[in-house]
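Dear colleague,

I am handing over the structure we spoke about, and below it I have set out what was found in it. Please read the notes with the coordinates open beside them.

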Amino acid sequence: RLDRLRLKDEAEVKVYSRYGNIVYRAKGKEINANPWDGGGLPAGTYYYVIDFNDGDVADKTGSVTIVR
């Protein structure tokens, strides 16, 4: 579950399927108001990008695996 992130309003989170399709996208306060929990998606590996939209902080990337 992706929630409770303390990010600036400019931050954006995107989660992609292995095919590169965006399965979740939220920006700023919407990230905590609408957290991603992987619901409705099949088992598999998904890839996330947290774009801080801040020249001083590098984007954070990684993967998360859903096991059903």
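Which pattern does the protein chain follow when it is read along the sequence? The pattern is β-β-α-β-β, and the secondary structure accordingly comes to 1 helix and 4 strands. Please bear in mind throughout that this is a predicted model, and that the values below were computed from it.

For the chain as a whole, buried residues make up 25% of the 68 residues. The exposed surface comes to about 4800 Å², of which carbon and sulfur atoms supply 46%. Among the contacts between residues at least 6 apart in sequence, 44% join residues that are at least 24 apart.

The sheet

The 4 strands form an open sheet in the order β2-β1-β3-β4, with antiparallel pairing. Strands β2 and β4 stand at the edges with a single partner strand each, so one side of each is left without a neighbour in the sheet. On average, and with direction ignored, neighbouring strands of this sheet are turned by 15° against each other.

Taking the pairings in the order of the sheet, β1 and β2 run antiparallel and are joined by 5 bridges, and within this pairing Val 13 stands opposite Ala 26 in β2. Strand β1 (residues 12-16) also pairs with strand β3 (residues 44-51), again in the antiparallel sense and over 5 bridges; here the bridge partner of Lys 14 is Val 49 in β3. Finally, β3 is joined by 7 bridges to strand β4 (residues 60-66), and these two run antiparallel as well, with Lys 60 in β4 as the bridge partner of Ile 50.

Two residues in the strands

Glu 12, whose place is in strand β1, may be worth a look. Is Glu 12 buried or exposed? Its relative accessible area is 13%, and because the cut-off for buried is under 20%, Glu 12 counts as buried. The side chain of Glu 12 makes a polar contact with the side chain of Arg 25, at 2.8 Å. If residues up to four places away in sequence are not counted, Glu 12 touches Arg 25, Ala 26 and Lys 27, and also Val 49, Ile 50, Asp 51 and Asn 53.

Ile 22, by contrast, is found in strand β2 (residues 22-27) and counts as partly exposed, at 39% relative accessibility. Leaving aside the neighbours within four places in sequence, Ile 22 is in contact with Lys 14, Val 15 and Tyr 16. The C-alpha atoms of Ile 22 and Tyr 46, which are 24 residues apart along the chain, are separated by 9.6 Å.

The aromatic residues

How many aromatic pairs does a search of the whole structure find? The search finds 2, and one of them is formed by Tyr 24 and Trp 36, a tilted pair with 6.5 Å from centre to centre and 45° between the planes. Tyr 24 lies in strand β2, whereas Trp 36 lies in the loop between α1 (30-33) and β3, so the pair ties together parts that are 12 residues apart in sequence. Both Tyr 24 and Trp 36 are buried, and together with Tyr 46 they form one aromatic cluster.

Definitions and conventions. Residues numbered from 1 in each chain as written. Predicted model: local features only at pLDDT ≥ 70, side-chain atom pairs only at ≥ 80, totals over all residues. Heavy atoms only, no water. Pairing = 2+ DSSP bridges. Buried < 20%, exposed > 50% of the residue type's maximum accessible area, 1.4 Å probe, protein only. Contact = heavy atoms within 4.5 Å. Areas by Shrake-Rupley, 256 points an atom, 1.4 Å probe, with all protein chains shown as cover. Polar contact = N/O pair within 3.5 Å; in protein donor to acceptor, adjacent residues only side chain to side chain. Axes fitted to C-alpha atoms, helices over the stretch in contact; angles between N-to-C directions. Phe/Tyr/Trp six-rings, centres within 6.5 Å; stacked < 30°, edge-to-face > 60°.
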